[in-house]
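The following exercises are to be worked through with the sequence and the structure in view. Each task is followed by a solution in steps.

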Amino acid sequence: MSNSFVLVINSGSSSLKFALIDSNTGDAVLNGLGECFGLPEAAVSWKYEGQKSEEAITAAGDHHELAINRIVTLIDSLGLTSQIVAVGHRIVHGGEKFTSTVRIDETVLNEIRNLSDLAPLHNPAGAKGIEAAMVAFPALPQFAVFDTAFHQTMPEKAFTGAISHKLYQDYGIRRYGFHGTSHYFVSREAAKMINKPIEESSFISVHLGNGASVCAIRDGQSVDTSMGFTPLAGLMMGTRCGDLDPGIIEFLLKKGWTQDEVYKELNTNSGFMGVSGLTSDCRGIVEAMEQGHKGATLAFQVFTYRVAKYIASYMVALESLDGIIFTGGIGENALPIRREVLAYLKIFGYKEDEKANESARFGNGGLITEAGTPAVMVIPTNEEFVIAQQSVELL
């Protein structure tokens with residue numbers, strides 16, 4: 001199918017990312033960001049043919065709707081509207097209801113709204129984005145791609161919490177996992193790299209960014225992942241704590257903390273930010289560590305140690321292992337992080353190829369371990385391409 005572009009929309013509570021993706025190549029013809037929704041600083045910025053532009057949102061009204069209307073006008077002014085075949089939406093939580101990409105109708109939209117209890121910051125925003133796009137593009141088919149869908153192949157022993165089964169039956173409390181589109185994409189790319197069918201390939205995918213998760217992939221399917229009922233579980237992240245003794249929550253509540261204060265502490269004041277006392281940005285952590293900052297050094301150590309522990313533990317979920325994959329903003333670019341994690345894994349025979357590891361940054365990717373040793377690779381993720389591809393496949 002020639003000239004088949006998909007408009008990909010990733011709607012957050014106060015922002016909206018968008019990209020016009022060539023579904024054949026994965027290239028972004030146009031991409032941009034609407035941000036600061038609800039504030040006077042609300043604006044839409046975009047990049048087209050190397051040129052960056054920005055425009056304030058000054059009109060009164062719902063900023064999600066206003067941003068999408070501006071995107072429609074922009075696409076039309078560039079003469080690209082006729083080449084769009086679908087709109088694809090990234091939706092964070094599909095619960096157990098959605099195990100794959102679906103075409104959106106009113107029933108699906110209502111189900112997404114009904115799952116808001118499981119993702120109160122994300123699903124309502126996703127629904128808003130869908131509503132605005134359906135008004136703006138009434139003639140185009142719209143599709144929902146769920147972060148959780150890829151992990152619906154996890155066995156019961158992996159997704160079941162060690163709590164009363166009634167909590168699962170009544171409230172759906174279980175491990176769901178996130179970053180599914182990223183883990184799906186890089187595992188398929190890794191199988192191509194080793195020239196092996198994905199159905200016969202097994203990997204441990206390590207998505208490291210401001211949000212971070214590890215996924216065990218057996219025969220192309222997710223069999224375990226580190227994020228849980230919410231994206232708060234698993235690895236230490238930019239501002240999230242990751243795995244934590246739940247007794248700490250009770251302890252803080254008894255000390256007079258409110259529920260909202262505890263939630264904010266664990267979600268926005270923890271991780272790199274909390275341990276370092278300096279920044280949530282990995283680049284800032286590495287720079288400060290190199291200058292001798294103790295908090296940054298400890299944050300680096302805690303993060304890399306936990307990543308290595310998760311990788312090692314997920315070998316239990318696999319019958320064989322074709323490779324470890326680093327992806328995400330940190331996984332693709334932070335050389336010291338990858339180097340330290342590989343050093344922790346030396347007991348398993350992993351040996352870094354220093355030159356290859358250095359050259360794998362900034363979108364290059366590639367194999368970063370020495371020949372004759374177990375494979376570790378860096379693969380740039382492309383979640384928008386997955387959304388575009390799966391939308392076109394369903395047409």
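Axes are lines fitted to C-alpha atoms, for helices over the stretch in contact, and angles run from 0 to 180 degrees between N-to-C directions. The structure examined here is a predicted model.

**Exercise 1. Two packed helices**

Task: Determine how helix H2 and helix H3 are oriented to each other, and which residues meet where they touch.

Solution.

Step 1. Two packed helices are described by the angle between their axes and the distance between the axes. Helix H2 spans residues 106–114 and helix H3 spans residues 123–136; their axes come within 8 Å and cross at roughly 155 degrees.

Step 2. Angles over 145 degrees count as roughly antiparallel. H2 and H3 are therefore roughly antiparallel to each other.

Step 3. From H2, the residues Glu106, Leu109, Ile112 and Arg113 take part in the contact; from H3, they meet Asn123, Ala127, Ile130, Glu131 and Met134. Sorted by class, this contact has five nonpolar, one polar and three charged residues.

Step 4. Two of the charged residues form a link of their own: Glu131 and Arg113 make a salt bridge in which the closest N and O atoms are 2.8 Å apart. Glu131 belongs to helix H3 and Arg113 to helix H2, 18 residues apart, and the pair thus links distant parts of the chain. Glu131 is partly exposed, at 32% relative accessibility, and Arg113 is partly exposed as well, with a relative accessible area of 31%.

**Exercise 2. Further salt bridges**

Task: State how many salt bridges a search of the whole structure finds, and describe the pairs Lys128 with Asp62 and Asp170 with Lys166.

Solution.

Step 1. Side chains of opposite charge can pair when their charged atoms come close. The search of the whole structure finds 14 salt bridges.

Step 2. In the pair of Lys128 and Asp62, the side chains meet at 3.2 Å, N to O. Lys128 lies in helix H3, whereas Asp62 lies in the loop between strand E5 (51–56) and helix H1 (63–77); the two are 66 residues apart, and the pair links distant parts of the chain. Lys128 is partly exposed at 37% relative accessibility, and Asp62 is partly exposed with a relative accessible area of 31%.

Step 3. In the pair of Asp170 and Lys166, the distance is 2.6 Å, N to O. Both residues are in helix H5 (residues 165–171), and because they are four residues apart there, about one helical turn separates them. Asp170 counts as partly exposed, at 43% relative accessibility.

Step 4. Salt bridges also form a network that links Arg339, Glu352 and Glu358.

**Exercise 3. The nonpolar cores**

Task: Identify which residues of the largest nonpolar core touch the most other members, and which elements supply the core.

Solution.

Step 1. The largest nonpolar core has 44 residues, and Val206, Leu208 and Ile337 touch the most other members.

Step 2. Elements that each supply at least two residues of this core include strand E9 (203–208), strand E10 (212–218), helix H10 (282–290), helix H11 (294–314) and helix H13 (335–344). H11 gives the most to this core, with nine residues.

Step 3. Consider Ile337 in detail. Leaving aside its neighbours within four places in sequence, Ile337 is in contact with Leu208, Cys282, Phe300, Phe303, Thr304 and Ile330.

Step 4. A second, separate core has 25 residues, among them Ala42, Leu74, Ile75 and Phe137.

**Exercise 4. Positive phi values**

Task: Locate Cys36 and Asn195, and state for each whether the residue is buried, partly exposed or exposed.

Solution.

Step 1. Most residues other than glycine have a negative phi. Phi of Cys36, however, is positive, near 60 degrees, and Asn195, which is not a glycine, has a positive phi of about 55 degrees.

Step 2. Cys36 is found in the loop between strand E3 (28–35) and strand E4 (43–48). Asn195 is found in the loop between helix H6 (180–193) and E9.

Step 3. Residues over 50% relative accessible area count as exposed. With 72% relative accessibility, Asn195 is therefore exposed, while Cys36, with a relative accessible area of 29%, is partly exposed.

**Exercise 5. A glycine in a helix**

Task: Is Gly271 buried or exposed, and which residues does Gly271 contact?

Solution.

Step 1. Gly271 lies in helix H9 (residues 271–276). At 6% relative accessibility, Gly271 is buried.

Step 2. Leaving aside neighbours within four places in sequence, Gly271 is in contact with Met236, Met237, Gly238, Thr239, Arg240 and Cys241.

Step 3. Gly271 and Met236 are 35 residues apart along the chain, and their C-alpha atoms are separated by 5.2 Å.

Notes. Residues numbered from 1 in each chain as written. Predicted model: local features only at pLDDT ≥ 70, side-chain atom pairs only at ≥ 80, totals over all residues. Heavy atoms only, no water. Parallel < 35°, antiparallel > 145°, perpendicular 65-115°, else oblique. Contact = heavy atoms within 4.5 Å. Nonpolar A, V, L, I, M, F, W, Y, C, P; charged D, E, K, R; others polar. Core = buried A, V, L, I, M, F, W, Y, C linked by side-chain atoms within 4.5 Å. Buried < 20%, exposed > 50% of the residue type's maximum accessible area, 1.4 Å probe, protein only. Salt bridge = Lys/Arg side-chain N within 4 Å of Asp/Glu carboxyl O.
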